[in-house]
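Let's take a walk through this protein together, going from the whole chain down to single side chains. Keep the 3D view open as you read.

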Amino acid sequence: MSKPSTATSSAAASAAAAETTATPPKAPRRKTTRTATVPAARTKPTTSDSQAATTTAAQGGAAPLRSMSEVRHFLRMNTVPVFFVGATPFNLLGLDRFVRNFSYITYYDAWDGAHPRVFTPRHKPYIEFQSGEEINNWLLVNPEVRAHIAAATAPGVRPKIAMVFFNEQTESICAELGYDVILPPAALRDRLDSKLVTTRLAAEVGVASVPNTLTTVADYTELLAAAEAAGLGADLVVQTAYGDSGKTTFFIDEEADWKQHAHQISGVEVKVMKRIDAQPVAVEAVITRRGTVVGPFMSELTGHPELTPYRGGWCGNETFPGVLEGEVRERAADMVSKLGDRLGQEGYRGFFEVDVLVDRATGDPYLGELNPRISGATSITNVTAGAYADVPLFAFHLLEHLDVELELDIAEINERWRRLAADDLWSQMVIKETSPAVELITTAPRTGLYSIDAAGSLVHRDDAWDWHPLQDENEVYFLRISGVGEYRWKGADLGVVLTKGRLQRQASDGSEKLTIRAKHLVDAVRQQYAGVPLAAVGVTEGA
């Protein structure tokens with residue numbers, strides 16, 4: 001038997017916790033499990049134009065929406081079923097509070113069948129998923145899922161499908177089944193996912209990246225020569241075009257570093273950057289026909305050993321007053337808006353996320369990278385005071401892909417979000433397994449609302465459907481990803497903690513550390529997990 005694959009859990013969690021960084025080893029499976037394959041649909045995917053022709057029923061030929069009150073009314077009266085498909089509903093959980101007929105189809109059920117808006121197929125034969133795309137495609141062709149969608153869809157209406165990860169096969173499946181993928185085309189998104197393409201497009205509209213050169217080098221000597229020619233020095237950061245930044249970003253300041261990573265860098269075009277002391281900041285935005293709506297700025301939790309075994313790996317976000325202030329915030333927001341408008345010229349419409357890097361020495365904001373998709377930060381973006389004053393940011397994406405005409409002042413919306421969203425305080429952290437042991441989980445915490453009792457224990461208070469009701473930092477929400485009967489291994493995602501309090505503080509040396517409270521919460525969650533080694537359940541590790 002083989003070791004457990006994070007792709008059923010961590011490809012799943014990657015799709016759920018949006019770009020978590022675990023690369024799955026092979027996974028254990030019990031002797032009684034069966035295999036299944038996903039039929040590969042090969043029909044040509046529908047184009048955005050043909051999808052637009054089928055979605056006009058959502059608007060019903062109504063007049064353009066001219067105020068936020070009309071937008072909120074439209075969303076509350078929506079009659080077209082919209083499904084978020086993924087490993088878990090993490091990214092958009094709670095959006096059903098704002099949008100009628102919005103629900104979730106997931107591989108993992110964190111509520112054990114109790115959530116009224118979450119559907120999970122009962123029969124799930126063992127499959128070694130290798131990506132979030134594979135999970136979503138399996139769900140779409142699953143007979144239980146197809147029956148569920150059909151039951152929720154009126155005759156003549158095409159249901160709408162949103163997700164984090166998808167590919168051209170996803171588009172083919174949806175075209176054959178009569179579903180509309182309400183996302184930019186997969187081919188366009190794949191092209192824009194390249195860090196090299198993004199850097200070039202951004203430069204065209206004056207959006208600066210960290211000082212860099214795009215080049216191909218064969219050895220360390222050539223790397224130093226290219227860096228010297230670009231004035232970057234010898235302390236370098238090298239990125240490949242594609243891949244999660246936690247695993248395809250290499251810090252090189254001596255030849256030994258080059259030798260360690262040469263097999264991934266040599267002979268391919270890479271982005272070579274000057275190494276700076278950067279404050280990483282995340283921001284999400286939506287490209288509409290009226291302009292780019294820019295969401296709140298968030299700091300990032302990265303590489304905390306209490307949360308992740310991966311150096312530099314993303315493990316959470318915080319939004320709070322002062323993430324970015326004054327001129328730096330204005331410059332960063334302008335960068336995102338300009339980049340959004342340029343992406344719009346490429347035909348991209350809808351949701352995207354940008355990592356901004358602020359040089360601590362100079363205060364200059366730079367483009368870090370573009371993620372042309374719903375991201376792990378979306379769970380916070382959609383719950384801020386700005387979202388409740390207007391609508392969640394993803395609602396603008398939804399309206400755009402339902403072909404609803406808006407006559408709104410985007411600059412006014414951005415200014416309002418700048419004032420209101422910056423006043424709010426939310427934090428989240430993704431807890432990964434950091435132990436090298438591989439175990440079958442026998443005990444796991446329930447999803448829901450928790451608090452810390454007088455003895456310091458994390459106590460389950462309510463089976464809440466999402467984290468929107470949290471009032472203050474005395475309450476936390478835990479979303480379980482890995483549960484009883486599943487496996488945990490180094491890099492597997494156990495769950496997500498969300499709270500109204502801060503989870504990160506700046507140490508005296510300028511680095512970011514988890515707060516005492518955050519460490520307590522991590523320990524308290526881990527204490528509620530228990531497991532048994534593979535040998536105890538008749539499973540052995542293998543390739």
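Among the contacts in the chain with a separation of 6 or more, 69% are between residues 24 or more positions apart. Please keep in mind that this is a predicted model. Its secondary structure comes to 18 helices and 24 strands. Of the 543 residues of the chain, 56% count as buried. The chain exposes about 21,300 Å², and carbon and sulfur atoms supply 49% of that area.

For a closer look at burial, turn to helix α5, which covers residues 132–141. Eight of its 10 residues are buried, so α5 is largely enclosed by the rest of the structure. The buried residues of α5 are Gly132, Ile135, Asn136, Asn137, Trp138, Leu139, Leu140 and Val141.

One of these residues, Trp138, leads us on to the aromatic side chains. Ring pairs link Trp138 with Tyr107, Tyr108 and Phe129 into a cluster. Tyr107 also has a charged neighbour: the charged end of Lys124 sits over the Tyr107 ring, 4.8 Å from its centre.

A pair of aromatic rings is described by the distance of the centres and the angle of the planes. Take Phe90 and Trp467 as an example: their ring centres are 6.1 Å apart and their planes stand at 50°, so this pair is tilted. The class follows because planes under 30 degrees apart would count as stacked and those over 60 as edge-to-face, with the rest being tilted. Phe90 and Trp467 also link distant parts of the chain, as they are 377 residues apart. Phe90 belongs to the loop between β1 (82–86) and β2 (102–106), while Trp467 belongs to the loop between β18 (458–462) and β19 (475–480). Both residues, Phe90 and Trp467, are buried.

Finally, let's look at cysteines. The structure holds zero disulfides. Are Cys174 and Cys315 buried or exposed? Buried means under 20% relative accessible area. Cys174 has 1% relative accessibility, so it counts as buried. Cys315 also comes in at 1% relative accessibility and therefore counts as buried too.

Methods. Residues numbered from 1 in each chain as written. Predicted model: local features only at pLDDT ≥ 70, side-chain atom pairs only at ≥ 80, totals over all residues. Heavy atoms only, no water. Disulfide = S-S within 2.5 Å. Buried < 20%, exposed > 50% of the residue type's maximum accessible area, 1.4 Å probe, protein only. Phe/Tyr/Trp six-rings, centres within 6.5 Å; stacked < 30°, edge-to-face > 60°. Helix = DSSP H or I, 4+ residues; strand = E, 2+ residues; numbered from the N terminus. Lys NZ or Arg CZ within 6 Å of the ring centre and 35° of its normal. Contact = heavy atoms within 4.5 Å. Areas by Shrake-Rupley, 256 points an atom, 1.4 Å probe, with all protein chains shown as cover.
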